[in-house]
Amino acid sequence: MNATGIIVEYNPFHNGHLHHIKQSRNLTDADIVIAVMSGHFLQRGEPSFADKWLRTEMALQNGADIVVELPYAFATAPAVDFAKGGVALLAALKCRALAFGSEQGQIEPFLATYDAIEGDNATFQKNVQHAVKSGLSYPKALNSAYSQMTTKNNGSFAGLTQPNNILGYHYVEQIFKQKSAMQAVTIPRIASGYHDHILAGTTIQSATGIREAVFDGSLQDVEAFMPASNFSLLQQATLMNWDVLYPTLRYMLLRLSPSEIAAHAEVTEGIEYLLQKAARTSDTFTQFMTRIKSKRYTWTRLQRMLTHIYTGFTKAQLVEASMPHYIRLLGMTENGQRYISAHKKEFTLPLVSRVAAFDDPMLSQDCKATDLYCLAQQRAPGEDFRRPPIRI
């Protein structure tokens with residue numbers, strides 16, 4: 001059975017994601033589509049709009065055959081490590097292709113970009129470090145170094161200033177670095193950009209725009225932008241954002257000592273003192289972020305830092321999380337179950353369908369993140385142990 005993999009967040013699943021799954025299946029002639037999906041905290045350092053089981057069901061009802069969880073350590077990481085974890089899991093699941101959406105829309109520029117950077121990586125890294133020392137944030141330093149390379153080579157390279165292109169490049173990079181046999185294919189992003197607000201005249205909107213519309217208005221305002229089954233599921237959900245978590249985060253920042261805050265992943269350069277100062281004077285999450293935002297720290301980097309403080313994820317844990325240790329099964333269709341039955345012995349990582357039967361520190365962090373997410377919704381902890389994989 002020919003399996004194609006996709007790496008997703010579904011925050012929430014919308015018509016653009018439906019298009020992505022259909023195109024991925026068609027372009028690769030796939031019998032199976034396997035989605036590696038983030039759990040309750042995401043790559044931009046945010047709690048997921050809806051819980052991972054609801055998002056799993058959305059995916060399975062709209063074209064995915066298997067959904068597995070990207071461990072917390074990778075789901076909340078910068079693009080290169082987010083890609084590393086996702087590619088490793090798809091390779092372990094024996095996918096033949098990885099299909100991703102991009103602003104670029106063609107795979108050749110991504111391959112050319114990888115060849116160019118790897119061909120002169122020493123110069124590229126030197127330019128990145130020079131840009132960081134000049135005061136640029138790391139993402140802007142990467143863009144600066146990349147711009148120097150494209151000017152020098154006059155090549156047809158992928159535009160690495162756009163979010164999906166950046167992730168796409170790192171998917172391609174990780175396929176090569178992990179020596180995977182997977183083929184990378186890309187699907188043009190259509191209608192709306194990653195950061196776009198709601199646009200008139202189209203039923204394909206960005207997840208960012210959909211979340212904004214819901215929190216500024218109501219769920220009914222976005223009904224046209226997602227499959228009907230997903231809209232019904234979201235009506236049952238308690239929807240989440242940082243405003244819900246901020247009171248607990250504020251308590252943590254004021255209770256912990258500066259050295260305890262500094263022990264968390266991505267907390268650097270003495271920012272723990274600024275975090276405590278802002279927590280004392282900020283009654284809302286937006287006020288808090290406004291007081292800590294600077295040229296040095298992007299909004300996304302700060303949110304990831306805060307996510308790690310909220311979930312207790314430390315620098316030591318980050319160092320240990322070099323590669324995924326397991327495949328955590330969240331759900332499957334009948335077709336997906338057939339694929340697992342046929343290929344399970346070929347998988348190169350253990351398949352975890354019962355959390356209680358698998359003891360691993362990386363999985364423990366996933367469960368801890370779930371418990372803290374559920375507690376914010378006034379739900380009992382332990383759902384990872386009580387919920388079996390969803391079957392559709």
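Me: What makes the Lys52 and Glu69 contact a salt bridge?
Reply: Their side chains meet with N to O at 2.8 Å, and a salt bridge needs a side-chain nitrogen of Lys or Arg within 4 Å of a carboxyl oxygen of Asp or Glu, so the pair qualifies. This pair links distant parts of the chain, with Lys52 in helix α2 and Glu69 in strand β3, 17 residues apart. Helices (H or I, at least four residues) and strands (E, at least two) are DSSP runs, numbered from the N terminus. By the way, this is a predicted model, where local features need pLDDT of at least 70 and side-chain atom pairs count only at pLDDT 80 or more. Residues are numbered from 1 along each chain as its sequence is written, and side-chain values use heavy atoms, leaving out hydrogens and water.

Me: Why is Lys52 called buried?
Reply: Lys52 has 0% relative accessibility, and buried means under 20% relative accessible area (exposed is over 50%, partly exposed in between; 1.4 Å probe, protein chains only), so Lys52 counts as buried. Glu69, at 3%, counts as buried too.

Me: How do you know that Lys52 forms a salt bridge with Asp384?
Reply: The closest N and O atoms are 2.9 Å apart, so the pair meets the cut-off. Asp384 sits in helix α19 (residues 383-386), 332 residues from Lys52.
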